[in-house]
Amino acid sequence: MARKRLVEQAPSTLLPPYKGEGFWKSLKGWMELAYNVVVRNSCYNSHRFFSDLLPDIKFEDLKEGNPVAAVFITSGKQAVMAISDEKDNKFQVPLEAGEIPVYFKGMAHDVARASSSIPFLMSRHPIEVEGVSVYPTDGATYRGLPSQFMRHKYRLSLSTHAPPVENIKPAKPELTGWWLVGVPFQGIGTIMTMLEGVTTKDEASFRIFGDGIEDTCEISHTLLCGNFRKQNNIDVSWLNVGGHTPEVVGKLFDFGVLEADKFWASNFKHQEGILEHGLAVCMTGGGGDGYVQCGFMARLRDLIGKPFAATAGVSAGAINAVFFAWLETEINKEKTK
C-alpha cells in the first residue's frame, strides 16, 4: 500500500518542472518556480503534493493505532512538536526543552507539509498553532530530535545520513518572515544545512538520547542513501526532488526494503522483544531520501506484523511519521470492510 501510494504521487508527476511531461509543461513549471520565489517566499506551492499524499484526515485522529509526533520550526516559535497522543503519553516533553508540544487540531497533510524542509518544495504557507498563524520554515536545521522525548521499551532511531546532532545549529526562523528579505536567508540556511551533511555525507548518524528508563532498548540504523544514489546515478535528493520520477521513487523505496531485511536479521536478539512489546521509531530528515526511509518502514511494519508503537520525526522523517500513522487508518478500514 505504501509503495503504490508513493509511486503514484512521485514529485515529477505533481510538482514543477514536471520532468518528462514535454516542453510546454516544463516551461510552465519553470515559470511557476520563478513566480513563487517572489510571491510565496519559496520556490513553489506544495499543497497539492501533500494533500494528495495524505487525503483529508484530522491529525488528532491518527492517535488510535499509532501515536505520532512531527517536529517543525516556525517564524513565530523556535520549534513546535505536533503530538497526536494527548492521552497515551508516549511523548513527554520537558518544560526546559526547545520544542513546544502542541496537540494539533487540524489536517494531517498540513502538519506533514509544515514539517518538510526540502528546498524548492517548502512553501511559505501559514499554519495555525495554538490559535496563532505561523510560518513553517526549516525543520532539518533544528537540532531537536523527538527520540529524546519518546517513551517505549524498544526504540529505533532511523537516519538517512543526517549529521551528528551536535553539528546541527538552531535555525533563526524569524529571518524568513520578512518576505523578499527572507528569501536569501532561507536560501543560505538551506545551503549551509546541506553542506553540513544532511544530504551528502553517508557515515554520519545522530546521537540517541536516553530517557532515564533503564530497560529501554536503544537501537539505531543508518541508511547509506548516498552510496546507493551514486551507484544508480541518482542526483543529490534535495536538489533534484522535482525530478524524482516514479521509477526513481521505486528504486529508492526498494533499497529501503532491502535495508529493513538487513536490519531485522542483524538484530535477531531483539526480535522476540519487539514482536511482544512493539517498536517506536524516530526518523531524521533527509529530503528525497525519505523514500528510502519509507521503504524501510513499510517492510519493517510487515516483519513486525502490527502497527508501530509510536512514530516521530523531523522534516522528511516527520512526513513519514504522519504517513505511516495515516496508513494504519487505511489498513483498519480495509479490515472492517
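Is D254 buried, partly exposed or exposed? D254 counts as partly exposed, because its relative accessibility is 34%; buried means under 20% relative accessible area, exposed over 50%, and partly exposed in between, with a 1.4 Å probe and protein chains only. The notes below start from the whole chain and return to this residue.

1. Basis. This is a predicted model, in which local features need pLDDT of at least 70, side-chain atom pairs count only at pLDDT 80 or more, and totals for chains, interfaces and linings use all residues. Residues are numbered from 1 along each chain as its sequence is written, and side-chain values use heavy atoms, with hydrogens and water left out.

2. Overall make-up. The chain has 11 helices and nine strands. Helices (H or I, at least four residues) and strands (E, at least two) are DSSP runs, numbered from the N terminus. Of the 337 residues in the chain, 58% are buried. The chain exposes about 14,200 Å², and 57% of that comes from carbon and sulfur atoms; accessible areas come from the Shrake-Rupley method with a 1.4 Å probe, and for residues only the protein chains shown count as cover.

3. Contacts along the chain. Among contacts with a separation of 6 or more, 77% are between residues 24 or more positions apart. Contact means heavy atoms within 4.5 Å. P11 belongs to helix 2 (residues 11–14) and counts as buried, because its relative accessibility is 1%.

4. The salt bridge of D254. A salt bridge is a side-chain nitrogen of Lys or Arg within 4 Å of a carboxyl oxygen of Asp or Glu. The side chain of D254 forms one with that of R3, at 3.2 Å from N to O. D254 lies in helix 8 (residues 246–266) and R3 in helix 1 (residues 2–8), so the pair ties together parts that are 251 residues apart in sequence. R3 is also partly exposed, at 35% relative accessible area.

5. Other salt bridges. The whole structure holds 11 salt bridges. One of them joins the side chains of E218 and R155, at 2.3 Å from N to O. This pair links distant parts of the chain, with E218 in strand 7 (residues 217–222) and R155 in strand 6 (residues 154–159), 63 residues apart. E218 is partly exposed at 32% relative accessibility, whereas R155 is buried at 0%. K262 forms another with E259, where the closest N and O atoms are 2.8 Å apart. K262 and E259 are three residues apart in helix 8, so about one helical turn separates them. E259 is buried, with 6% relative accessibility.

6. A helix pair. Two packed helices are described by the angle between their axes and the distance between the axes. Helix 10 (residues 290–304) and helix 11 (residues 316–336) pack at about 35 degrees, with axes 10 Å apart. Axes are lines fitted to C-alpha atoms, for helices over the stretch in contact, and angles run from 0 to 180 degrees between N-to-C directions. Residues that meet include C294, M297 and R301 in helix 10 and F323, F324 and I331 in helix 11.

7. A surface patch. F23, W24, L27 and M31 form a nonpolar patch on the surface, with about 520 Å² of accessible area together. Patches are made of residues with over 30% relative accessible area and no salt bridge: like charges are joined within 9 Å, and nonpolar side chains (Val, Leu, Ile, Met, Phe, Trp, Tyr) within 5 Å. L27 is in helix 3 (residues 23–39) and is partly exposed, at 35% relative accessible area.
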